[in-house]
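Colleague: I would like to learn how to read a model like this one. Could we take it feature by feature?

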Amino acid sequence: MKRIVFTGGGTAGHVTPNMALISRLQEKEYDIHYIGSYDGIEKELIEKLGIPYYGISSGKLRRYFDIKNFSDPFRVWKGYREAKKLLKQLHPDLVFSKGGFVSVPVVIAAKKRRIPAIIHESDMTPGLANRLAIPSAVKVCANFPETVQYLPEGKAVLTGTPIRKELFAGNRIRGLEFCGFHSNLPVILIIGGSTGAAALNEAVRNLLPTLLKRFQVIHLCGKGKTEPAYNNVEGYVQYEYISAELSDLFAAADLVVSRAGANAICELLALRKPMILIPLPAAVSRGDQILNAESFERQGFAFLIREEELTNETLLTGINQVVENRDSYIAAMRNSIQTDATGTIVRLMEEVMSKAECEGKGSEEKTPV
């Protein structure tokens, strides 16, 4: 039985793609283990799957001044020593990293142990953690065609992002019933992110009298961002966030308006949902969402509205544009090679493990765990 060690953490976005891959690999009877931080979000998410989990020391490598910059390098060094010891014990055939600072010592330790490592980069340009780990990896999976130019020659593979299989199990009728909607009008799903997007929320509510003549609207407003005055508006529902029913809401949606986080928009791509993307502005981010959205616009997957240009009028124009050209957006997404990321990455993993075995690097007997 082949053994694969996954790593990645810090945010759910560094874990959920791993979870999608783990599910597929378990179906193929691979032996899966996970290395993350002592108490990060990844620990809770992975232990719920019944996967053996190992915590290591983790420190953040910052590009700005912080008093923790003096202590965190020691935590990273400790994490490297712990990862090296774990990999010696587990002796996996492959390490797969989704990023986050906890993954850096694991990938570097894998190279030291002569274990092939594959990295996945979600954003257009690699973040600091992945930039530090890339020299120790044999392959780097990319979400966007443009990312290839930022990666070492021969390492980059365009794959897209693995998608949780439960998202494909959504049911349109269940979604409509959950919202109290009917099937006579199309549905717009508005996603402002977990904390909400104030400008988007305001524009949506300003446009409701116009939108509800032609659409039904599901509005995920963000924590603390619902407005009681709109609770009983026919054809409109608002929630702070949705968890279990999200797949049904996606199935019910004919158009999605969203932020441009890499994992989120790749889910929309895989589901072939025409989308309007309103990325976080550069003033409050490193600009990765802007680059993500620009790539999707170039590929014909999305209509882009920059937040500084977001008004009632520009949002309405975008909605009309996407509705009018809905079929062309869906056709572009259908033709994308990024829509079967899970299958593409699993095949890449198997190729890398097969090559390593042929080179005599994966043939030692596994240590029982």
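Predicted model: local features only at pLDDT ≥ 70, side-chain atom pairs only at ≥ 80, totals over all residues.

Colleague: How many cavities of 30 Å³ or more does the count come to?

Modeller: The general idea is that rolling a probe the size of a water molecule over the atoms shows where empty space is left. Here a cavity is a set of points, on a 1 Å grid over the protein atoms alone, where a 1.4 Å probe fits but cannot get out; its lining residues have an atom within 4 Å of a point. Points are joined across faces, edges and corners, and the volume is the space filled by probe spheres set on them. By that rule there are two cavities of 30 Å³ or more.

Colleague: Which residues line the largest cavity?

Modeller: T16, P17, T161, P162, I163, R164, N263 and E267. Helices α1 (16-27) and α9 (262-271) each contribute at least two of the lining residues. Helices (H or I, at least four residues) and strands (E, at least two) are DSSP runs, numbered from the N terminus. By type, this lining has three nonpolar, three polar and two charged residues. Nonpolar covers Ala, Val, Leu, Ile, Met, Phe, Trp, Tyr, Cys and Pro; charged covers Asp, Glu, Lys and Arg; the others, Gly among them, are polar.

Colleague: And what lines the second largest cavity?

Modeller: That cavity has a volume of about 30 Å³, and its lining consists of P279, L280, P281, I290, R306, E307 and E308. Four of these are nonpolar, none polar and three charged.

Colleague: How should I read the fold as a whole?

Modeller: Begin with the secondary structure, which comes to 13 helices and 13 strands. The radius of gyration, 22 Å, is close to the 21 Å that the globule rule gives for 369 residues, so the chain is as compact as a globular protein of that length. That radius is taken over C-alpha atoms, and the rule is 2.2 Å times the number of residues to the power 0.38. Along its principal axes the C-alpha trace spans about 65 × 45 × 35 Å. Among contacts (heavy atoms within 4.5 Å) with a separation of 6 or more, 63% join residues 24 or more positions apart.

Colleague: What percentage of the 369 residues count as buried?

Modeller: The figure is 54%. Buried means under 20% relative accessible area, exposed over 50%, and partly exposed in between (1.4 Å probe, protein chains only).

Colleague: How do I apply that to a helix?

Modeller: An α-helix has 3.6 residues a turn, so residues three or four places apart point the same way. In helix α4 (residues 103-112), seven of the 10 residues are buried, so the helix is largely enclosed by the rest of the structure. The buried ones are S103, V104, P105, V106, V107, A109 and A110.

Colleague: How far apart are the end C-alpha atoms of α13?

Modeller: They are 26 Å apart, and this agrees with the 26 Å that its 18 residues (341-358) should span at 1.5 Å a residue. The expected span is 1.5 Å times one less than the number of residues. Buried residues of α13 include I345, L348, M349, V352 and M353. Among the elements that cover the buried residues are β1 (3-7), β4 (94-97) and β5 (117-121).

Colleague: Is T125 buried or exposed?

Modeller: T125 counts as buried, at 17% relative accessibility. T125 lies in the loop between β5 and α5 (128-133). Beyond its neighbours within four places in sequence, T125 contacts Y150, R286 and L291.

Key
Residues numbered from 1 in each chain as written. Heavy atoms only, no water. 1 Å grid on protein atoms, 1.4 Å probe; cavity = no way out; pocket = protein on both sides within 12 Å on 5 of 7 lines; lining within 4 Å.
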